[in-house]
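Morning, everyone. I have one structure to walk through, and I'll keep it brisk.

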Amino acid sequence: MQKSYLHKDCHSPVSWGVEPAAASPSGLPYRELEGYPLSDLARPKIIVRQTGENNIIFADWDSLNIIHDVMIEVMGSNNVIYLGSRTYIMKLRLVIQGHNNVLGFGERSHFGGNRMQISGSNCAIICGNGFGIQSNTMLLAKENGCRITVGDDCMFSTDIAIRTSDNHPVFDMKTKERVNMGQDVNIGSRVWIGENAKILKGVTLANDVIVGAASVVTRNAPANTVVAGAPAKVVKTGVFWYRHFALMEDYDPYNPTPWPYPA
Ligand SMILES: CC(C)(COP(=O)(O)OP(=O)(O)OC[C@H]1O[C@@H](n2cnc3c(N)ncnc32)[C@H](O)[C@@H]1OP(=O)(O)O)[C@@H](O)C(=O)NCCC(=O)NCCS
């Protein structure tokens with residue numbers, strides 16, 4: 001089996017299709033992993049459907065805890081997929097439709113049955129370490145050049161959609177110009193998104209934001225706030241959250257306790 005390694009230069013915009021900062025917001029150790037051409041990949045519980053060439057996947061396979069199948073569908077070329085080490089995957093579908101994209105997540109992540117999809121070229125979905133999402137939650141980076149970035153230790157509940165695009169164009173009747181262009185979504189670290197929330201194009205959530213259940217977030221949220229409603233508004237300020245019901249004196253927001261699985 002042919003092997004290759006990502007090296008320094010792979011952080012260049014040319015190699016990744018994205019700028020270095022976006023490619024590795026939390027210093028993901030891309031360079032430590034072996035990269036395999038997707039076409040050569042033959043692993044249990046990994047189903048690959050591919051058209052195109054020069055698509056590479058990086059993973060520390062022995063450290064992954066895959067319960068059900070991981071489906072990887074790539075229609076395009078020069079794409080990079082990164083599966084962070086020590087990650088627990090109940091079920092996961094990764095879809096790339098386009099070229100020069102990057103899709104990956106960091107160490108200690110947890111997937112409860114999710115879809116991460118890129119539809120376009122030069123796009124990215126990059127999630128940091130300790131990323132946890134429950135079932136039926138979708139991240140969609142659609143429209144050329146659009147990115148979703150997620151910081152470290154974020155927690156997303158069920159039935160959430162995060163999208164860079166409305167999926168259909170809206171036009172101004174007079175000018176005939178499009179009024180709803182796709183835009184990046186940037187989510188900071190330690191962001192908790194409640195059940196059934198929707199995060200729409202162009203939104204930036206700062207660190208330690210909590211998004212209320214069933215919210216539709218259309219505008220940015222400042223750090224340490226609760227936002228809720230449709231459209232979501234700031235309903236509380238000066239708060240933080242913790243993953244466990246642990247003793248609060250143990251809390252250190254910049255050195256959070258890792259989620260306790262996989263062991
Ligand atoms: C409805 C929609 C297409 C409008 O897009 P747009 O024309 O770019 O609208 P804007 O983002 O400029 O928002 C205009 C105003 O409506 C509000 N708004 C937009 N979508 C909203 C929603 N779903 N619920 C409540 N308010 C909403 C915005 O907050 C904004 O108000 P403000 O200016 O006071 O802050 C888009 O917001 C949306 O809901 N996209 C998701 C579409 C979808 O579900 N696609 C799935 C596949 S079909």
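First, a definition. I call a residue buried if 20 or more other C-beta atoms lie within 10 Å of its own. By that count, buried residues make up 44% of the 263 residues in the protein chain. And please keep in mind that this is a predicted model.

Now the overall make-up. The protein chain has 2 helices and 26 strands. Take contacts between residues at least 6 apart in sequence: 33% of those join residues at least 24 apart.

On to the core. The largest nonpolar core has 61 residues. Which residues have the most contacts inside it? They are Ile81, Leu103, Ile125, Ala141, Val211, Val217 and Val227. Look at Leu103. Leaving out residues up to four places away in sequence, Leu103 touches Ile81, Leu94, Ile96, Met116, Ile118 and Ile125. Two of these names, Ile81 and Ile125, are also on the list of residues with the most core contacts.

Next, strand E16, residues 147-150. In a regular strand the side chains alternate between the two faces of the sheet. Here, Arg147 and Thr149 point one way, and Ile148 and Val150 point the other way. Are these residues buried or exposed? All are buried, the charged arginine included.

E16 has partners. Strand E13, residues 124-127, runs parallel to E16, and 4 bridges join them. Ala124 stands opposite Arg147 in that pairing. Strand E19, residues 185-187, also pairs with E16 in the parallel sense, over 3 bridges. There, Thr149 stands opposite Asn186.

Now a loop residue, Ser109. Ser109 sits between strand E10, 102-105, and strand E11, 110-111. Why does Ser109 count as buried? Because it has 26 C-beta neighbours inside 10 Å, and the cut-off is 20 or more. What does Ser109 touch? Setting aside residues up to four places away in sequence, the contacts are Gly84, Thr87, Cys127, Gly130, Phe131 and Gly132. One distance to note here: the C-alpha atoms of Ser109 and Gly128 are separated by 8.4 Å, and the two residues are 19 apart along the chain.

Let's turn to the ligand. The residues around the ligand are Asp166, Asn167, Val170, Val179, Asn180, Leu200, Val216, Thr218, Arg219, Ala230 and Pro231. How does that shell divide? Into 6 nonpolar, 3 polar and 2 charged.

Stay with the last two names on that list. The peptide bond from Ala230 to Pro231 is cis, with omega near 0 degrees. Pro231 lies in the loop between strand E25, 225-229, and strand E26, 232-237.

That brings us to backbone geometry. Most residues other than glycine have a negative phi, and most peptide bonds are trans. Asn78 has a positive phi of about 60 degrees. The loop holding Asn78 runs between strand E6, 70-75, and strand E7, 80-83. Asn78 counts as partly exposed because it has 18 C-beta neighbours inside 10 Å.

Asn122 is a second case, with a positive phi near 60 degrees. Asn122 is in the loop between strand E12, 114-119, and E13. With 19 other C-beta atoms within 10 Å, Asn122 is partly exposed.

Then go to the ligand shell, which includes Ala230 and Pro231, and find the cis bond between them. Thanks, and over to you.

Technical notes: Residues are numbered from 1 along each chain as its sequence is written. This is a predicted model: local features need pLDDT of at least 70, side-chain atom pairs count only at pLDDT 80 or more; totals for chains, interfaces and linings use all residues. A residue is buried if 20 or more other C-beta atoms lie within 10 Å of its own, exposed if 12 or fewer, and partly exposed in between; C-beta atoms are placed from the backbone. Two strands pair if DSSP finds at least two bridges between them. A residue is near a molecule or strand if its C-beta atom, placed from the backbone, lies within 6 Å of it. Two residues are in contact if their C-beta atoms, placed from the backbone, lie within 7 Å. A nonpolar core is a set of buried Ala, Val, Leu, Ile, Met, Phe, Trp, Tyr and Cys residues joined through C-beta atoms within 7 Å.
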